[in-house]
Amino acid sequence: MTVNSEVLNLMKCRENDVAGIDVNMGCPKEYSTKGGMGAALLSDPDKIEKILSTLVKGTQRPVTCKIRILPSLEDTLSLVKRIERTGIAAIAVHGRKREERPQHPVSCEAIKAVAETLSIPVIANGGSHDHIQGYLDIEDFRQATAASSVMVARAAMWNPSIFLKEGPRPLEEVMQKYIRYAVQYDNHYTNTKYCLCQMLREQLESPQGRLLHAAQSSQEICEAFGLGAFYEETTRELDARRAKLLARSPEEVEEPAEDTSGIIKMAVKFDRRAYSPQITPKMCLLEWCRREKLAQPVYETVQRPLDRLFCSVVTVAEQKYQSTLWDKSKKLAEQAAAIVCLRSQGLPEGRLREEGPSLHKRKREAPDQDTGDPRAQEPVMPGELCKKPFLALASGKESPLEGW
């Protein structure tokens with residue numbers, strides 16, 4: 001497959017989902033450059049031109065790209081002129097070379113030379129460490145580089161309130177508000193922890209930083225920041241709302257329908273967060289077939305070439321069941337098909353807090369592995385299944401998170 005066809009296929013799958021398409025040719029990380037991506041593309045101007053030209057000609061969306069500067073200013077200007085001729089709408093320039101890191105000074109002069117050479121907008125990047133400490137610094141960096149706009153990453157990660165015109169808020173206040181949002185929207189604790197570590201930076205060795213580093217749950221993170229009571233109150237409210245939603249039978253949400261082909265179809269997806277990690281729809285269906293002395297469910301899965309999504313049909317007792325929603329993996333598509341069958345029969349499907357017959361549990365697997373393999377089952381252990389589905393807390397009262 002050629003570069004052009006690969007790019008076109010990817011673009012056509014996603015074009016209607018985005019406002020623009022950007023090609024990142026500036027990432028210097030090894031995991032990116034090893035695969036010929038990111039800053040590795042800077043050593044292959046011909047490929048850059050093919051990729052960008054293909055995108056510009058094949059989509060109605062604006063196409064942009066991001067680069068790093070090359071070892072010499074002459075080479076950098078030659079490259080950006082060639083990029084501009086592809087017809088892209090704008091270019092972002094990180095003012096460091098591929099081998100340089102944040103501790104190296106950003107070259108405002110190189111970005112300025114690019115901005116003065118090109119007629120398309122130039123976005124300045126790389127000023128977080130040296131130049132940008134507050135909102136006004138963003139404009140100063142823009143003027144120093146003669147760019148049309150500025151891209152801010154690390155400075156915004158260190159303190160998101162940097163975009164307030166009146167100046168950034170104290171870090172403690174920002175972290176408190178971030179934690180409240182993370183709990184309210186059921187953000188995974190590892191992501192919350194990572195973002196907070198980025199905010200603390202040099203304070204990671206402080207008593208609070210050590211507590212954060214040791215935290216192994218959202219509750220422990222909240223306790224480290226004096227938000228233990230908030231966590232308990234919020235989770236109680238979320239649990240109450242979740243229980244109310246899960247108490248509704250699936251038939252209240254979606255009724256099965258049989259099409260002319262004889263396949264019973266429903267528009268359902270398998271959301272891992274709504275199910276126990278040990279009990280899944282495929283396991284429930286398999287156990288039911290065994291109890292009823294039926295043949296084992298047979299799954300037939302196809303992949304759609306255009307977007308590479310999957311759809312599965314499960315056959316049970318000579319009746320076929322299928323979800324009308326396509327999914328990103330074969331395993332997820334099979335779980336959705338199993339849900340259609342179970343709901344059509346009014347059977348438990350393994351949702352959290354759902355009453356139903358005991359099932360045999362397989363060995364613990366990684367979250368992205370299939371949970372319906374009958375060859376890897378062992379007796380289920382007693383205890384509450386506590387993995388929670390996503391649910392945002394919303395109420396009519398004024399939220400303490402609104403505003404700064």
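This passage describes side-chain contacts in a predicted model. Local features require pLDDT of at least 70 and side-chain atom pairs count only at pLDDT 80 or more, whereas totals for chains, interfaces and linings use all residues. Residues are numbered from 1 along each chain as its sequence is written, and side-chain values use heavy atoms, with hydrogens and water left out.

The structure holds 14 salt bridges, a salt bridge being a side-chain nitrogen of Lys or Arg within 4 Å of a carboxyl oxygen of Asp or Glu. In one of them, arginine 82 meets aspartate 46 at 2.4 Å, N to O. Because arginine 82 belongs to helix α4 (residues 73-84) and aspartate 46 to helix α3 (residues 45-58), this pair ties together parts that are 36 residues apart in sequence; helices are DSSP runs of H or I of at least four residues, numbered from the N terminus. Asp46, Glu49 and Arg82 are linked in a network of salt bridges.

A further salt bridge joins glutamate 287 to arginine 290, with the closest N and O atoms 3.5 Å apart, and both residues lie in helix α14 (residues 281-291), 3 residues or about one turn apart. Glutamate 287 is buried at 7% relative accessibility, whereas arginine 290 is partly exposed at 42% (buried means under 20% relative accessible area, exposed over 50% and partly exposed in between, with a 1.4 Å probe and protein chains only).

Charges also sit over rings, which requires NZ of Lys or CZ of Arg within 6 Å of the ring centre and within 35 degrees of the ring normal. Arginine 180 lies over the face of phenylalanine 230, 4.6 Å from the ring centre, and the charged end of lysine 282 sits over the ring of tyrosine 299, 4.8 Å from its centre.

Technical notes: Helices (H or I, at least four residues) and strands (E, at least two) are DSSP runs, numbered from the N terminus.
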